[in-house]
Amino acid sequence: MLGSPLIDAVAAGVLGLLVGSFLNVVIYRLPKMLERQWADECAQLQGSVAPAAEPFNLMRPRSRCRQCGHALRWYENVPVISWLALRGKCSSCGAAIGLRYPVVELATALLFFFAVWHWGATAAGAAWCGFAAAIVALAMIDWDTTLLPDDITLPLLWAGLIGAALGWTGVGLAQALWGAVAGYLSLWSVYQAFKLLTGKEGMGYGDFKLFAALGAWFGWQALIPIILMASVIGAVVGIAMKISAGLREGGYVPFGPFLAGAGLTAMLFGPGAILQAIGL
């Protein structure tokens, strides 16, 4: 314990603002990094060499306006405050800066605050902060691209198992292990059955891995409440988007964001609260 519970939680919230700012970078750049990696691999298989490109990773190049390329100065990159000061516009060309940026930063800050308020300035509190950050990034990436990168889902799964083994998550190792197994196999089975019946793929392998990770963090007992909540909310949102003609090309809605939302709900209120929320 570093100080009073409130001071610790506030400090975690400030850290969450900074982490949220970095998550905005991850959400935008990681899918593009994967696309470049896949393009390079395809070029190598074809025996050709991809043209040299400017370094592009989570650190380089500096954050810049997508419209005019203006490199952000340090004071234009302060979480939330800079967005407010700039009134949500680029200082160079006046292009709009999406509201998502401060929302992700604030959401991460609030989740970090809650984690340390609930679990204290402990290894468990830090573990749940990491869980929240990964879930936020996965939800946003999947919504944008329908990708759930292994670079995040697999470390999240292993972190859940390790956290259970070290007593950080409040879930026994056996429960976490079988939660991971059941989470993966349950959605994999649904995927195979749907593909057999329709000849189409109803979800991606990233969903299996994310559900397995949630099973590792919350135990196998939490899987049914989590999948029920994700399915109900996903169906409601999908119907609403269809009525409003908001569905993207192909008429699909990624399932990962709803799994992520159910996972955060389980973190905040416990898996049992999910059943009450959906009337079960």
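At what angle do helix H1 (residues 5-45) and helix H3 (residues 100-119) pack, and how far apart are their axes? In this predicted model, the angle between H1 and H3 is about 145 degrees, and their axes are 6 Å apart. The crossing of H1 and H3 is right-handed. Sorted by class, the residues in this H1–H3 contact comprise 18 nonpolar, six polar and three charged.

Helix H3 also packs against helix H9 (residues 256-269), here at an angle of about 35 degrees with the axes 10 Å apart. The crossing of H3 with H9 is left-handed. From H3, the contact draws on Leu 111, Phe 114, Ala 115 and Trp 119, which meet Leu 264, Met 267 and Leu 268 of H9. This contact has seven nonpolar residues, with no polar and no charged ones. As a reminder for anyone tracing such a helix face by eye, an α-helix has 3.6 residues a turn, so residues three or four places apart point the same way.

The H6–H7 crossing is right-handed. On the H6 side the contact residues include Gly 179, Ala 180, Gly 183, Tyr 184 and Trp 188, while on the H7 side Phe 208, Phe 211, Ala 212 and Gly 215 are among them. By class, the residues of the H6–H7 contact are eleven nonpolar, six polar and two charged. Gly 204 is placed in the loop between H6 and H7. With a relative accessible area of 32%, Gly 204 is partly exposed. Its C-alpha atom is 22 Å from that of Ala 132, a residue 72 places away in sequence.

Within H4 sits Met 140, a partly exposed residue with a relative accessible area of 23%. Apart from its neighbours within four places in sequence, Met 140 contacts Ile 27, Arg 100 and Val 104. Between Met 140 and Ala 176 the C-alpha to C-alpha distance is 25 Å, with 36 residues separating them in sequence.

Most residues other than glycine have a negative phi, and most peptide bonds are trans. Just after H4, Thr 146 takes a positive phi of about 60 degrees. Thr 146 belongs to the loop between H4 and helix H5 (150-165) and is partly exposed, its relative accessible area being 36%. Arg 87 likewise has a positive phi of about 60 degrees, although it is not a glycine. Arg 87 occupies the loop between H2 and H3 and is exposed, at a relative accessible area of 74%. Finally, a cis peptide bond links Arg 60 to Pro 61, with omega at about -5 degrees. Pro 61 is part of the loop between H1 and helix H2 (81-85).

Notes
Residues are numbered from 1 along each chain as its sequence is written. This is a predicted model: local features need pLDDT of at least 70, side-chain atom pairs count only at pLDDT 80 or more; totals for chains, interfaces and linings use all residues. Side-chain values use heavy atoms; hydrogens and water are left out. A crossing is left-handed if the near helix is turned anticlockwise from the far one by less than a right angle, and right-handed if clockwise. Helices (H or I, at least four residues) and strands (E, at least two) are DSSP runs, numbered from the N terminus. Contact means heavy atoms within 4.5 Å. Ala, Val, Leu, Ile, Met, Phe, Trp, Tyr, Cys and Pro count as nonpolar, Asp, Glu, Lys and Arg as charged, and the others, Gly among them, as polar. Buried means under 20% relative accessible area, exposed over 50%, partly exposed in between (1.4 Å probe, protein chains only). Axes are lines fitted to C-alpha atoms, for helices over the stretch in contact, and angles run from 0 to 180 degrees between N-to-C directions.
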